[in-house]
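User: Please take a close look at a single helix in this model. I would like to know how its two sides are used and what surrounds it.

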Amino acid sequence: MPEQQAKICVHKLTKRFGELTVLDEISFEIRAGELVAIVGPTGCGKTTFLNTLSKLMPATAGQILIDGEEADPKKHNISYVFQEPTCLPWRTVRDNVAYGMEVKRVPYRERMERTDKIMELVGLSSCAGLYPNQVSASMIQRIAVSRAFAVEPDLLLMDEPYGQLDVKLRYYLEDELMHLWEKLQSTVLFVTHNIEEAVYVAQRILVLSAKPTKVKAEIPVNLPRPRSFLDPAFMEIRREVTELIRWW
Amino acid sequence: MQAYKEVVVKTPLPLRILPYLSVAVFLLIWELAVRTGMIPSVLLAPPSQVFSLFIDKLTQPNPDGAVLAVHAWTSLQEALIGYGLSLLVGIPLGLAMGWFRVVEGLARPIFELIRPIPPIAWIPLTVFWFGIGLAGKVFIIWIAGIVPCVINSYVGVRMTQPTLIQMARTYGANDWQIFCGLCVPSALPMVFGALQIALAYCWTNLVGAELLAANTGLGYLITMGGRLARPDIVVLGMVSVGVSGAVLGFIIDCIEKRLLAGIRR
């Protein structure tokens with residue numbers, strides 16, 4: 001990928017809860033269309049980090065810039081895929097996928113076009129008219145991912161979206177995520193505690209330290225796709241990252 | 001796409017006749033208790049006598065001044081107007097209290113103060129304000145019904161899953177969008193619960209409301225029976241209140257199931 005100007009620029013982001021410093025001057029940049037994974041030891045404040053980045057929580061200090069402007073959910077398209085299911089049970093699958101765009105007041109016609117396109121990509125078309133409690137857990141997470149991509153996000157945050165699914169499904173959905181990301185060229189920040197998952201999806205991995213959280217290391221992953229878990233280069237990067245966050 | 005299949009489960013015969021059996025046995029014991037003199041007939045009328053009075057009252061306005069249908073119609077009118085008004089005011093108020101801090105701050109203290117006052121305690125003031133017509137009775141029934149409406153709607157909004165709200169916030173949704181698009185739909189099952197509870201509150205306070213000078217109504221029928229020392233009239237009034245209340249409850253239950261089925265599968 002050619003060198004581009006940074007799309008997301010996080011500068012000395014700090015979050016304190018009273019005396020407790022959770023995020024300690026975190027700085028990094030993400031280029032447009034880049035997929036960056038964030039890994040860190042358990043309890044390193046990953047969720048706080050995402051909540052601060054998404055502006056759900058005010059930061060104590062520091063800046064988050066999107067295209068050089070202060071990030072604002074009302075102005076920028078920020079999407080957040082939560083670990084827990086976040087489908088609206090009273091909406092059909094299709095209307096759930098369209099929800100983000102509806103909030104953003106995307107015109108009806110365009111909304112429907114984009115919804116159809118993305119549901120086609122992730123194979124949700126066949127259950128467009130069903131309600132969330134009529135589809136499986138993996139479908140629920142796909143709905144959330146589709147909804148997030150559908151708003152054409154400036155920044156897409158994913159908080160261990162596949163953490164609660166079994167291994168087989170996870171592999172499947174990771175491939176699907178790759179497919180979506182390559183097609184739609186979104187800028188993605190993928191948080192996970194699963195190192196293998198991080199190496200599999202990311203172009204670059206940011207390793208966080210234990211609290212107070214800082215960026216401990218930055219590891220580029222220049223492996224060709226599709227990646228193989230058995231490729232020696234893959235295993236080498238996985239080992240390297242594991243060494244960095246091992247706490248035992 | 002058909003995702004669900006209707007499953008028919010047969011109830012065994014004994015279980016189906018059990019409810020009828022219990023009612024029949026209850027009536028029989030009651031009848032016998034009065035007939036054998038265990039309970040003096042000046043204190044309680046046997047069901048057979050109540051039934052013959054019921055047949056009588058379908059056409060006879062004496063001795064309380066109106067046929068049964070007129071009494072029932074009056075009560076129904078009062079109860080339904082009061083009920084309707086309590087839904088109309090209570091549900092929006094409760095929903096707004098659940099989401100908008102300002103509304104909660106303004107309305108909650110007043111509501112908490114009014115809530116423990118039994119609706120019939122309002123009777124004297126009601127007479128001052130509205131006189132003794134329909135409006136006063138409706139007011140008391142309204143006060144009775146509004147409490148569960150407010151509470152259920154309030155709790156329903158409060159129980160909205162916080163992640164859903166966070167999700168909407170990250171898409172940049174404003175307070176109004178979150179309230180209408182998330183909180184209200186997810187509160188609906190609780191709100192529907194209120195329909196049933198409020199109806200029960202309204203109907204049980206009907207007799208209380210009709211203690212206000214009235215000349216028709218089921219509550220009035222009961223009061224008159226007492227005044228005339230006619231236990232059969234009292235019991236007929238009570239049974240009418242009970243039966244029509246149960247029928248109303250059943251109707252609301254059906255409506256509720258219909259509406260809920262359309263909203264949440």
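Analyst: A residue is called buried here if 20 or more other C-beta atoms lie within 10 Å of its own, and exposed if 12 or fewer do. By that count, buried residues make up 40% of the 248 residues in chain A. The model is predicted.

First, the setting. Chain A holds 7 helices and 10 strands. Its radius of gyration is 18 Å, close to the 18 Å that the globule rule gives for 248 residues, so chain A is as compact as a globular protein of that length. The C-alpha atoms fill a box of roughly 45 × 40 × 35 Å along the principal axes. Take the contacts between residues at least 6 apart in sequence: 71% of them join residues at least 24 apart.

Now the helix. H5 of chain A runs over residues 167–184, 18 residues in total. From its first C-alpha to its last it reaches 25 Å, close to the 26 Å expected at 1.5 Å a residue.

Which residues of H5(A) are buried? They are A:Arg170, A:Leu177 and A:Leu180. These three lie on the same side of H5(A), because they cover an arc of only 85° around the axis. The other side of H5(A) carries exposed residues: A:Lys168, A:His179, A:Glu182 and A:Lys183.

What do the buried residues of H5(A) pack against? Their partners are three helices of chain A: H3 (108–122), H4 (137–150) and H6 (195–201).

Next, the two ends. After H5(A) comes A:Gln185, with a positive phi near 55°. A:Glu160 is not a glycine, yet its phi is positive, about 40°. It has 19 other C-beta atoms within 10 Å, so A:Glu160 counts as partly exposed.

Most residues other than glycine have a negative phi, and most peptide bonds are trans. Two further sites in chain A deserve a look against that background. A:Lys55 has a positive phi of about 75° and is not a glycine. Its loop joins helix H1 (46–53) to strand S4 (61–66). A:Lys55 counts as buried because it has 20 C-beta neighbours inside 10 Å. The other site is a peptide bond. From A:Arg225 to A:Pro226 the bond is cis, with omega near -5°. A:Pro226 belongs to the loop between strand S10 (215–220) and helix H7 (232–245).

Notes: Residues are numbered from 1 along each chain as its sequence is written. Chains are lettered from A and ligands numbered from 1 in the order in which they are written. This is a predicted model: local features need pLDDT of at least 70, side-chain atom pairs count only at pLDDT 80 or more; totals for chains, interfaces and linings use all residues. Helices (H or I, at least four residues) and strands (E, at least two) are DSSP runs, numbered from the N terminus. The expected span of a helix is 1.5 Å times one less than its number of residues. The arc is that of the directions from the helix axis to the C-beta atoms. Two residues are in contact if their C-beta atoms, placed from the backbone, lie within 7 Å. The radius of gyration is taken over C-alpha atoms; the globule rule is 2.2 Å times the number of residues to the power 0.38.
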